[in-house]
Amino acid sequence: MSARVGRVAALALLAAVHLAALGAGFLAPYAPTAQNRTLPYAPPAPLRFVDAEGVFHLRPFVYAVTEQGSVTGAYAEDRRRAYPVRFLVPGAPYRFAGLPGHVHLFGVDEPARIFLLGADGFGRDQLSRLLHGAQISLFAGLMATVLSLGVGWLLGTVSGFYGRGVDAVIMRSAELFLALPWLYLLFAVRAMLPLSIPPARAFLLLVLVIGLVDWARPARLVRGVVLTARERSYVLAARGFGASDLYLIRRHISPQTAGLLLTQAALLVPQYILAEVTLSFLGLGVSEPVPSWGNMLADLQHYHVLASYWWMWAPGLALVPVILAYYALSEALSTR
Amino acid sequence: MHGLLLLAGVSLLSFVLVELAPGDYFAEMRLDPRISEATVHALRARYGLDRPLPERYGRWLASLAKGELGYSFAYGQPVGPLLWPRLRNTLLLTVTATALAWLLAVPLGTWWATRRRGPADAALTGLTAMLLALPDLVLVLGLLLLAVRTGWFPTGGMVSLGHEQMPWGARVKDVAFHLVLPVAALVLGIVPALVRYVRASVADALGAPFVRAARAHGIPERRVLFRHALPAAANPLVSLFGLSLAGLLSMSLLVEVVMSWPGLGPLFLEAILARDFHLVLGPVLASTFLLLGGNLLADLLLAATDPRIRTEER
Amino acid sequence: MGAVAGMQARGRGLLVVAVALSASTALAQGAPSSADLLRSEHEVGRAGGRLVFALRSEPKTLNPVTAVDIPSKDVIGRLTADLVHIDRQTQRTAPALAKSWRVSPDGRHYTLELRRGLRFSDGHPFDADDVVFSFQCYLDERNGSPQRDLLIVGGKPVVVRKLDAYRVAFDLEEPYAAAERLFDANAILPRHLLEKAQQEGRLPQAWGLGTPPAEMAGLGPFRLKSYVPGDRLVLERNPHYWKVDRAGRPLPYLDEIMFLLVPSEDAQVIRFKAGETDLISRLSAANFTVLARDQVAGRYRLEDLGPGLEYSFLFFNLNTLDAGKLAAVSRKQSWFSRTEFRQAVSAALDRQGMARLVYQGRGTPLATHVTPGNKLWMNGTLPPPARSLSGARDRLGRAGFSWKDGTLQDGAGEAVEFTIITNASNASRVQMASIIQDDLRELGLRVQVVPLENRALLDRVFHSHDYEAALMALTSEDVDPNSEMNVWISSGPTHLWHLGESRPATPWEDEIDGLMHRQLVTLDARERKRLYDRVQALVAENLPLIPLISPNVLVGAREGLGNFRPAILDPYVLWNADELFWLPSADRR
C-alpha cells in the first residue's frame, strides 16, 4: 500500500465517520432522547430472514420483545408477529444542516422497536444515540486538539528558537500550567455559566478551556525538536545568508516538528473524547439527555453494566475506526 | 532558585483557583439536619476559612515552614504525616509501571518502525487503537472482572489479609503478586500512546537523509538502526520521558481508587472533591518537584544525546 | 410519678413500667465477676474468627466528639458504647451502659442508673465521672462537636450531674419527647485518658488515626489493634466487654474485625464477590441484581430489607431572593410558589417508572417524606402517589396556565421552563431527573437537567440560592420525628426550599412549625403520632418537597455468618457486631 493509497483510505474513512455523524438524524431510526420505559437494557435485536415457521423472507424483519418478570435485562421475543424492516419511514423530527426533516433511513412498525445496538437503561436506542453523540464528541475532540496543539506549537517553537530569556519564561509558565489543579478552574467556569444554556454548548465551552490550558505538554515536546533543528548546519547556513526568523521557522524549523505534531494529534483526539468520561462523573460533561460518546461510555464504567450488557461497549468500538483513521492520516501525511 | 519561585507561583495560583470554585469543605455538613448553622460557622472559623485569601495563604506558608504542609480539614491533622506513607506506595506502583512501559515500548516501537506495511504493522495498529479507545476505568474494571472470574489475582489492596504474619520473602512475593493487576492496567494505559511515539520518531529518523546516506554507504541495517537512527530519534522521547516523571503521583489516581491501592489516589481524589484544599496542595507541590526534576533531567539528556544543543546557563 | 422505662414509645398513653430490668439483673449469676452484665437474648454462637468489612472511604478520625463522616462512625460505633441504645431492628430504645432510667412527670429530669463494675477496654473502671466528663466534652463549644446541637434543649444545654458513683441526672430546660434516644449518639469517653486533652483544649485533635492503640480505650465490643494508612484498620476483641450471651459466655464472639479501605462501590462489589470481604451494605439496586445472579455459587446471601429511611425529592427554590441579582429565578418563583403548580408537577411524575428503571423495582414511590421503612411513624392513611396527567392539566388550568402549540405558558404568556440541578456523581439521581424531564415534557414544560459536582450543588442550594429546582435526598439518622426537626421548622438550617425564614412564609408552614414544636414537648406517644401524621398530610398536600422514591436497603453477607440481623437503620449490618459469629459450616480463611 503506497502512501497515496493510505492517504486516500484514511480520508475516506474519516469522511465516512463524519458524514455519518452529520446525517445522524436521517440514519438513526429514533430520536436519541426517546425513552421506552418498558425496555430498559433491551438487547440488540437480530435482523432475521427466517420466521418461526421456517419460511424465508427477502425483507429482513425483527420480533417485538417484552420484559420477563421483574428482573431488568431479561427479555423474550414474541414470535407470533414479524415486523419487517421498512425504508425511508417517517418518524421523529430532526434537523439536518438547518433544515427540518422527519424521514428516517429505516424503521419498523410500532409497537416493535428496532434496536440494532440494543438499548440503554432508559430504553433509548443505542444506535441513534451513538450517531447523534458522534456530532458532539468528534467535534469536541478535534477542537481541543487543534487548540492545545496550536498554542503548544507556537509557544514551543518560539521558546526553542529564541532560547534564553524567552525560553526561560515560556518553559517556566509551562511548568506552572502542568502543575496547577485545573479541575477547580473547570468547576469555577461551570459555576459562572448560567444553568440554562444548552448542555452541548456548556460542554464545548469547557472543552475550549481544557484545550487552552493544555498547551504545556506539546510545547515542551516541540521545543526539544526545535532546539535540535535550529542548530542544524543548513539552518545555520540559511541564517548566515541573512534569512529572517520567520522564514527560518517556516521553511526549516516547522517541517521538523510536523511529524511529532501529527503523531500527537492522532493520539490527542481520542484522548480528549475520552476525557469527557471522567468529566461527566464530575458534572462537567454533556448532561442528560443529550448523548455523547463520553457520557455513553461513562455508563460502561459501572460494574453492573460492564458485567451484564455487552452492547454498552458500542461507543468504545465506534471510537476504534476514528482512532485508526486519524492514525492513518497522520502516517500518510508525515511520509510525504 | 527558579524552583522556589515556581512553587510559590503554583501554591498561590492554586489558592486562587480553589477560591474561584464553588463550595467549601464544610458545605456538606449543612446537609445533616442535626447540625446547626452556628456549628458550621464555628468550624469554618476554627480552620480560618472565614479569613481573607492573603491571610489564609500566609497561614499556610507558616505551616509549610513548620514542615506540616498545611492542615487537613477532614482529618483534623497536619497534611505531611498523611502523605508520606501513601507516597511510598504510589511511587512503588507508578515507578514500576513507568519503567516497565518504557522497557516495553522502546524495543516494540523500534521494531514496529522497521516493519512497515506488513501484518505486524496492521496488528499493532489495530491493537493500539483498541487500547486507546477504552477509558482507563473500563480497562481497570475489565481486569478486575478477569481476576474475579479466574481467581488468578487478588482483586485489590496491596497485601493479603495475613501479611503481617508472613516471613520476609513471602511478604515481598505477596506485594509483587498484588502489584500485577494495577501495574498491568497502568502499562496497558501508557504503552499504546508511547509505542506510537517511539515508532513515529524512529520512522522519522530512518527516513532522514543522513540515515539514507549511511545505508547507501553499505553500512549494515542493524548498525544503521542502532548507531544512526536511534540517537536521532531520541529527542522527542527524552522530552516525553522527562514529562512522564511529573505524572508519577497522579497517573495512577483512578487505578488506585478502583484497585484499592493504599496510595495517594483515594486520598487525593476525596480531597479534591471535598475541597480539603491543603491536602490537595500537598500532592500538587510534590508533583511540581517531580516535574522540575523531570525537566532538568530531560534537558541534560537532550544535551547528552544531541551534542548540537547548546543549553544555556541557567 | 417516676417510671422505670426500659422501652418507651411502646407505651399506651403515659410512660409505662417496662420490665427491661429483668433481662439485665437476672444475668449476673452466669457471669464470673460481680459486674452488672447485660445478657443478650439472641442465638448462642461460637467464639473466634475474623470478619472483613469494606469502607467506602477512609475514616477521618477515631474521636467520637468530632467524627462526622460515615466510615469514622462505622468504626467508632464498634469501639465505644452509649448509655441508652436504639435497637436497630426494633427501632426502640434499650438499656446499654445505663441499666435503667427514670423520668420525672414533667419530662424535664432524667435519672440514669449505670451498670456497676464495668471496665474500659484498657481495664480502667467505668463510673459516673466518665459520663459527666463525656457530656462536658460534647457540650464544650471549643470542640465543635456535631452532637452538641442535639444536647441543646429549649435553647439551653442539658445539665449533667453526678448523683453518686453509679447514678447520673440530666436536667432539661423543657420537656423533650423521647429524650432517651439522644443518648444513642453520645459515646462514653474514658476520663482517665482524655481529661488532659480536654483541659488544654486539644480534644478535637485527640484520637486521630495515628494515635497508638495503647492511648485509646472504649466501652465497645472491640478495641483498636492496628492501622495501616490508606489500607486497613484492625480491631480486636475487648476482653472487658459488658455483654454475655444466653449461655453466660462473654461477648463478642469474633476475635477481630478488619476494616479494609475500598474506595469505590464497584470495587466493593467485586471484592465481596471474590470472597475477600464478608459483609456488604449500601448496595445499589443494579449491583444487587448482578450479585444476586451468583448467590449460590458465590456462597453469599443477599437481603433486601425493604424501604429504608432515605427519601429523595424534587424541590423548587422558594427562598426570598435578591431580585436584582437573581431576576430570572425570582420571576419564575411566581410559578413555583403556586401550590397548584407543585401539585401538577407531582401528579405528572411516573414514580413507578423511576422505581423500576432506576432501582430495578427495589424502591417505593413516596407520597410524603416519611418512608414505609419508618413503621412507627408513617402516616398510613395517606394514599400512595398516582400519576395523572389529566389531573395535572386541570390544576395548571385552574392556576391560570395555558397551552400554546403544546407548550405550557403562564398568565403573562411566558413559556414555562426551568432547570433541575442534581448531584452528578450519584447516577440514580441523574437518572431520576432525566425521567422527570421526560415526564414533564408531556405536560408541555421544558425542563433541563444540570448535574453538578456535589459541592457546587450544595453551594447553590445553601449559599447563593442560584437555582430553580433541585433533586436531592435526605436520610434520617433515626426514626423519631425529632431527627427531622431542622428540615421542617421554617427557621431550620435544613429547611431546604426556603432557608433562613425569619417567620413562616405560608399558613401551612406556620401550622407545621406549631405541630413540630408541640410534638417535641409532648410526652404522650399517641398524641405525638397524631401531630406528626398531620405534618405528613400537610407536606403531601402542599409539597414544599415533592417526594419521589425511597430506595430499599440492600445488604449481603457471606454464608455461615450467625446472628446476621441487618437493619434499615445505620449502620445496617455491623450494629450487632458483638453478636456476630461464624457457624462451623463457614469456610473461613
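**Figure 1. Salt bridge between C:Asp439 and A:Arg37 at the contact of chain A with chain C.** In this predicted model, the side chains of C:Asp439 and A:Arg37 meet in a salt bridge, with an N to O distance of 2.7 Å. Between chain A and chain C the count is four salt bridges. Residue pairs in polar contact between these two chains, both at pLDDT 80 or more, number ten. On the side of chain A that touches chain C, at least two residues each come from H5, helix H9 (245-281) and helix H11 (303-308) of chain A. By class, this side of chain A consists of 14 nonpolar, 14 polar and five charged residues.

**Figure 2. Area buried between chain A and chain C.** The contact involves 33 residues of chain A and 35 residues of chain C. About 2700 Å² is buried between the two chains, and carbon and sulfur atoms give 56% of this area. A:Arg37, A:Leu195 and A:Tyr303 together supply 33% of the area that chain A buries against chain C, more than any other three residues.

Figure 3. C:Thr419 counts as buried because its relative accessibility is 2%, against a cut-off of under 20%. Leaving aside residues up to four places away in sequence, C:Thr419 touches A:Leu195 and A:Ser196 of chain A, and C:Gln448, C:Val450, C:Glu468 and C:Ala469 of chain C. A:Leu195 is also one of the three residues named for the area that chain A buries against chain C.

**Figure 4. Helix H12 (residues 454-464) of chain C and its packing partners.** Nine of the eleven residues of this helix are buried, so H12(C) is largely enclosed by the rest of the structure. The buried residues are C:Asn454, C:Arg455, C:Ala456, C:Leu457, C:Leu458, C:Asp459, C:Arg460, C:Val461 and C:Phe462. Within chain C, they pack against strand S18 (310-316), strand S22 (417-423), strand S23 (446-452) and strand S24 (469-475). Their partners in the other chains are helix H5 (183-192) of chain A and helix H11 (264-274) of chain B. Just after H12(C), C:His465 takes a positive phi of about 55°.

**Figure 5. Salt bridge between B:Asp299 and A:Arg223 at the contact of chain B with chain A.** The closest N and O atoms of B:Asp299 and A:Arg223 are 3.4 Å apart. The count between chain B and chain A is two salt bridges, and six residue pairs are in polar contact, both at pLDDT 80 or more. Elements giving two or more residues to the side of chain B that touches chain A include helix H1 (2-20), helix H7 (168-206) and helix H12 (277-305) of chain B. The residues on this side of chain B divide into 35 nonpolar, ten polar and 13 charged. In total, 58 residues of chain B are in contact with 54 residues of chain A. The two chains bury about 5200 Å² between them, with 69% of it on carbon and sulfur atoms.

**Figure 6. Confidence along the elements of chain B.** Chain B has an average pLDDT of 84, and 97% of its residues score at least 70.

Note on methods
Residues numbered from 1 in each chain as written. Chains lettered and ligands numbered in written order. Heavy atoms only, no water. Buried < 20%, exposed > 50% of the residue type's maximum accessible area, 1.4 Å probe, protein only. Helix = DSSP H or I, 4+ residues; strand = E, 2+ residues; numbered from the N terminus. Contact = heavy atoms within 4.5 Å. pLDDT = per-residue confidence, 0-100. Buried area = accessible area lost by both parts, 1.4 Å probe. Polar contact = N/O pair within 3.5 Å; in protein donor to acceptor, adjacent residues only side chain to side chain. Nonpolar A, V, L, I, M, F, W, Y, C, P; charged D, E, K, R; others polar.
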